[in-house]
Amino acid sequence: MNYYSTNKQAPVASLQEAVVKGLAPDKGLYMPEEIKLLPKSFYENIGNMSFQEIAYEVASRFFGDDIEPETLKEIVFDTLSFDTPVVHVADNIYSLELFHGPTLAFKDVGARFMARLLGYFIGKQGQKDVKVLVATSGDTGSAVANGFLGVEGIHVYVLYPKGKVSPIQECQFTTLGQNITAIEVDGTFDDCQALVKTAFLDADLNKKLNLTSANSINVARFLPQAFYYFHAYAQLAKQGKADNVVFCVPSGNFGNITAGLIAKRMGLPVKRFIAANNRNCIFYNYLKTGEYKPQPSVQTIANAMDVGDPSNFVRILDLYNHSLEDIRTDISAYWYNDDAIRKTVLSTYQTTGYLLDPHGACGYQALKDSLNAGETGVFLETAHPAKFLETVEQITGESIPIPAKLQAFMQGEKQTVGMDKDFGSFKQFLMEN
Ligand SMILES: *Cc1c(COP(=O)(O)O)cnc(C)c1O
């Protein structure tokens, strides 16, 4: 299947081109030319299928023309080596726990899939020395680094701002070794992002090196996020709870929720979606006024959603043919400030015993505030609360047990390369390493 650019000024791309390029040459985002409906029998039987089996059926509708069935199956099964359970939290409200992967956040699914797909394409071309560049303020770097760890032919460079990433996040991409290099930039996240962007625009560098990006606009990270919406539905169907399902998605760049909208387009019986935001409520304002006004991002305690110009917004526009009315039919939006997030984490913990992370808290609260009679609400718990240890411990006044997976990272030895924010030294480093 081919992929077109949301800007419609670039030629269509094959899956391989779209994955290797990331962004289309006209700066648009790639979209699949066709969103295939899954047959009725699939939905009738879905309660009896495993997560991996469900995901393979979904994946084959997108990638089946471009990858042999056995290879695709291997990629999907290998990616999903962990579960995404649906857990009951309160009346008619369930948590879709996406934090059981290696770095305890939902980004593991897309990053692991992309690493395997890119590894496959690179192997097919006989390439050996592909450099993946990624700038991170925390979660993306760990998911991408762990996703690509040990993938042959690929070396990953994670750029992060020195002293601005929490120690727990930092250890998840600085202790890995092998084909992962962590670069500690003396600057801000924006400086890191600028270094990566400049590298992709540098003609000299691109002539000599095979550079690619693993950020969330890549179709190979974006589309696999649809898998767990189907799996959540399957788990509810098993319990007879699958009528009138509402998915509520804590959103930053809106990649995760857009994958859910695509699942709906494939026939997944979802009643509606909610986008839950922190104070960066650009999408809420868009739904209210019909005007999309990006803003500089503001810092919050749900920091993975501190996005002032969500990159996947153009995919939502494209999916709904720019119809505000149709978008409003499928999606509503809620937003919460830090105080409200803190209150939700505390009161939910006290009344239900369930410990939310600050992102999931926005999702849970939006369901509380909007669920109608007869609806079943599922919020996506996008990360484990221990990833935001200090914030969550301050709210509850209790210490959180740190999962063994996180502890293992914390025992590793930190290895980083120091770098100033000057492009010249970064370029030289890439050429020499
Ligand atoms: C990245 C992230 C989000 C935002 O997801 P988008 O796909 O960018 O909307 C939400 N919560 C957590 C914990 C994240 O890491």
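**The ligand site and the nonpolar cores**

Good morning. I begin at the ligand, where a backbone N or O atom of Gly255 lies 3.2 Å from one of the ligand's oxygen atoms. Please keep in mind that the model before you is a predicted one.

Two side chains also make such approaches. In Lys107, a side-chain N or O atom is 2.5 Å from an oxygen atom of the ligand. For the side chain of Asp139, the corresponding distance to a ligand oxygen atom is 2.7 Å. How much of the ligand's accessible area does the protein cover? On its own the ligand has 390 Å² of accessible area, and the protein covers 96% of it.

Let us turn to the residues around the ligand. There are 15 of them, and those that come nearest are Lys107, Asp139, Gly252, Asn253 and Phe254.

I now move to the interior. In soluble globular proteins, nonpolar side chains tend to be buried together. In this model, the largest nonpolar core has 138 residues. The residues with the most contacts inside this core are Phe63, Phe148, Tyr229, Phe230, Phe247 and Phe283. Which helix gives the core its largest share? That is helix H5, residues 107-125, which contributes 10 residues.

Leaving aside residues up to four places away in sequence, Phe247 touches several others, including Tyr229, Leu268, Phe273, Val378 and Leu380. Apart from this core lies another, of 18 residues, with Leu159, Val185, Val196 and Leu205 among them.

Thank you for your attention.

How values were computed:
Residues numbered from 1 in each chain as written. Predicted model: local features only at pLDDT ≥ 70, side-chain atom pairs only at ≥ 80, totals over all residues. Heavy atoms only, no water. Core = buried A, V, L, I, M, F, W, Y, C linked by side-chain atoms within 4.5 Å. Buried < 20%, exposed > 50% of the residue type's maximum accessible area, 1.4 Å probe, protein only. Helix = DSSP H or I, 4+ residues; strand = E, 2+ residues; numbered from the N terminus. Contact = heavy atoms within 4.5 Å. Near = heavy atom within 4 Å. Polar contact = N/O pair within 3.5 Å; in protein donor to acceptor, adjacent residues only side chain to side chain. Areas by Shrake-Rupley, 256 points an atom, 1.4 Å probe, with all protein chains shown as cover.
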